[in-house]
Amino acid sequence: MFRLNLSYGAADFIVDPAGQWWFLEVNPCGQWDWIQGATGQPIAAAIADELQGVTI
């Protein structure tokens with residue numbers, strides 16, 4: 001994320017049959033809304049705070 005100068009990114013991984021994780025890409029407009037809906041976590045608010053530089 002730092003090297004790409006991104007404040008937000010959705011990372012894509014796969015796991016092979018041996019259990020090895022492989023990084024595929026980081027998407028600066030990646031989809032996350034389905035996780036928010038499934039978990040009830042305030043992901044949209046957290047991303048907005050990060051992009052605006054809000055600190056706790």
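Mentor: Begin with the surface. The model is predicted, and the accessible surface of the protein chain comes to about 4900 Å². The share that belongs to carbon and sulfur atoms is 59%.

Trainee: What is the average pLDDT of the protein chain, and which element has the highest confidence?

Mentor: The protein chain averages a pLDDT of 90, and 100% of the residues score at least 70. Confidence is lowest in helix α2 (residues 43-52), at a mean of 90. The highest value is 95, in strand β2 (residues 21-27).

Trainee: In what order do the elements of the protein chain run from the N terminus?

Mentor: The secondary structure comes to two helices and two strands. From the N terminus on, the order is β-β-α-α.

Trainee: Why is the protein chain described as more spread out than a compact globule?

Mentor: For 56 residues the globule rule gives 10 Å. The protein chain is well over that value, so it is more spread out than a compact globule. Its C-alpha trace spans about 40 × 30 × 20 Å along the principal axes. The radius of gyration is 14 Å.

Trainee: What percentage of the residues of the protein chain count as buried?

Mentor: A residue counts as buried under 20% relative accessible area. Of the 56 residues, the buried share is 7%.

Trainee: How many bridges join strand β1 to β2?

Mentor: Strand β1 covers residues 10-15, and the two strands run antiparallel. They form a hairpin with five residues between them. In the turn, glycine 19 has a positive phi of about 90°. The number of bridges is six.

Trainee: Is alanine 10 buried or exposed?

Mentor: Alanine 10 is found in strand β1. Its relative accessibility is 15%, and the cut-off for buried is under 20%. Alanine 10 therefore counts as buried.

Trainee: Which residue in β2 is the bridge partner of alanine 10?

Mentor: Leaving aside neighbours within four places in sequence, alanine 10 is in contact with Glu25, Val26, Asn27 and Gly30. Valine 26 is 16 residues away in sequence, with 5.4 Å from C-alpha to C-alpha. The bridge partner is asparagine 27.

Trainee: With which side chain does the side chain of aspartate 16 make a polar contact of 2.9 Å?

Mentor: Aspartate 16 is found in the loop between β1 and β2, and at 24% relative accessibility it counts as partly exposed. A polar atom of its side chain lies 2.9 Å from the backbone nitrogen of alanine 18. The side-chain contact is with tryptophan 22.

Trainee: How many Å apart in space are aspartate 16 and alanine 44?

Mentor: The two residues are 28 apart in sequence. In space, C-alpha to C-alpha, the distance is 31 Å.

Trainee: What is the phi of asparagine 5?

Mentor: Most residues other than glycine have a negative phi. Asparagine 5 has a positive one. It lies in the segment before β1 and is exposed, with a relative accessible area of 71%.

Methods: Residues numbered from 1 in each chain as written. Predicted model: local features only at pLDDT ≥ 70, side-chain atom pairs only at ≥ 80, totals over all residues. Heavy atoms only, no water. Helix = DSSP H or I, 4+ residues; strand = E, 2+ residues; numbered from the N terminus. Rg over C-alpha atoms; globule rule 2.2 N^0.38 Å. Buried < 20%, exposed > 50% of the residue type's maximum accessible area, 1.4 Å probe, protein only. Areas by Shrake-Rupley, 256 points an atom, 1.4 Å probe, with all protein chains shown as cover. pLDDT = per-residue confidence, 0-100. Pairing = 2+ DSSP bridges. Polar contact = N/O pair within 3.5 Å; in protein donor to acceptor, adjacent residues only side chain to side chain. Contact = heavy atoms within 4.5 Å.
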